Amino acid sequence: MKANALICLFLASLALDGALIGAHPGWLMIPAALAGWYLADLASGLVHMYMDYRPCVPGTGLKDLYFWEGPRDSPEFLAKQREVYARISLFERVVYDFKKHHPFPDLLGRHSIWYLMKAPVMFVTLPLSLALNLVFWLTSPPGWLIVGAVTLLLGASLSQGFHGSLHRSDVGWGVRAMRRVGLLMSQTAHKKHHATLTQDFAVINGWSNPLVNFCTTALLRMRVLRSEGLEPT
């Protein structure tokens with residue numbers, strides 16, 4: 001309930017920014033929106049890369065959950081999961097969820113976009129949006145700048161929702177239409193990430209993957225990122 005209220009507050013915050021744009025759109029709003037969409041994709045790729053390789057806290061029991069051999073809907077597994085989740089923070093659970101979806105990609109696709117918005121909104125986009133409300137109110141920036149910022153925040157908030165849609169076939173007409181025009185990436189394109197776990201981390205449209213791939217390769221070579229972080233220990 002609390003998470004739903006925060007998401008509603010976030011959407012109201014974006015609506016306030018929209019009201020500050022005014023009634024006269026300018027042509028610069030189109031490239032600003034595209035730039036915001038690119039930056040949202042870039043943010044999704046960098047966060048995905050970090051979460052995939054960030055080691056889970058050892059000794060919490062996450063390894064037992066990750067390598068559980070029995071059915072994952074059994075009372076035994078669910079009881080173990082509750083026990084382990086009680087030991088870790090919400091952020092650590094999000095880190096684990098990124099790793100868990102590699103061997104079980106369909107799990108992510110079972111969640112609604114509303115559910116998958118919770119973590120990015122709570123941790124990142126809601127605080128940024130509220131801060132920008134104040135900045136935009138005090139400074140009255142050009143409309144195109146507000147449009148770019150709103151597009152970036154909205155895209156970042158929906159990134160995990162779009163990620164989930166890459167792991168299910170029953171997506172809505174809106175997602176299918178956005179895929180046709182290249183605003184969202186295809187399931188085929190995302191499979192390259194799961195085949196290697198070393199490339200194509202962006203999950204919105206993939207426009208930023210060349211840059212993210214360059215960063216990933218460099219960080220792996222410098223051993224800043226280590227393959228041991230891909231699974232709980």
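Helices here are DSSP runs of H or I with at least four residues, numbered from the N terminus. The model shown is predicted, so local features need pLDDT of at least 70 and side-chain atom pairs count only at pLDDT 80 or more, while totals for chains, interfaces and linings use all residues. Residues are numbered from 1 along each chain as its sequence is written, and side-chain values use heavy atoms, with hydrogens and water left out.

**View A. Asn213 in helix H12.** Let's start with Asn213, which is found in H12, residues 209–221. Its relative accessibility is 19%, so Asn213 counts as buried (buried is under 20% relative accessible area, exposed over 50% and partly exposed in between, with a 1.4 Å probe and protein chains only). Leaving aside neighbours within four places in sequence, Asn213 is in contact with Gln199 and Asp200 (contact means heavy atoms within 4.5 Å).

**View B. Helix H1 and its buried side.** H1 covers residues 2–21, and its 20 residues should span 28 Å at 1.5 Å a residue, which agrees with the 30 Å between its end C-alpha atoms (the expected span is 1.5 Å times one less than the number of residues). The buried residues of H1 are Ala3, Ile7, Phe10, Ser13, Leu14 and Asp17. They cover an arc of only 115° around the axis, which puts them on the same side of H1 (the arc is that of the directions from the helix axis to the C-beta atoms). Their packing partners are helices H7 (113–116), H8 (118–139) and H9 (143–165). Over on the other side of H1, Lys2 and Ala19 are exposed. Just after the helix, Gly22 takes a positive phi of about 100°.

**View C. The largest pocket.** About 1,200 Å³ of space lies in this pocket. Of its 44 lining residues, Val94, Asp97, Leu116, Ala119 and Gln160 are the closest to its centre. (A pocket is an open set of points on a 1 Å grid over the protein atoms alone where a 1.4 Å probe fits, with protein on both sides within 12 Å along at least five of seven lines; lining residues have an atom within 4 Å of a point. The volume is the space filled by probe spheres set on the points, which are joined across faces, edges and corners.) H8 gives the largest share of the lining, 8 residues.

**View D. Phe67 in a loop.** Phe67 lies between helix H3 (62–66) and H4. With 41% relative accessibility, Phe67 counts as partly exposed. Not counting residues up to four places away in sequence, Phe67 touches Arg72, Glu231 and Pro232.

Technical notes
Helices (H or I, at least four residues) and strands (E, at least two) are DSSP runs, numbered from the N terminus.
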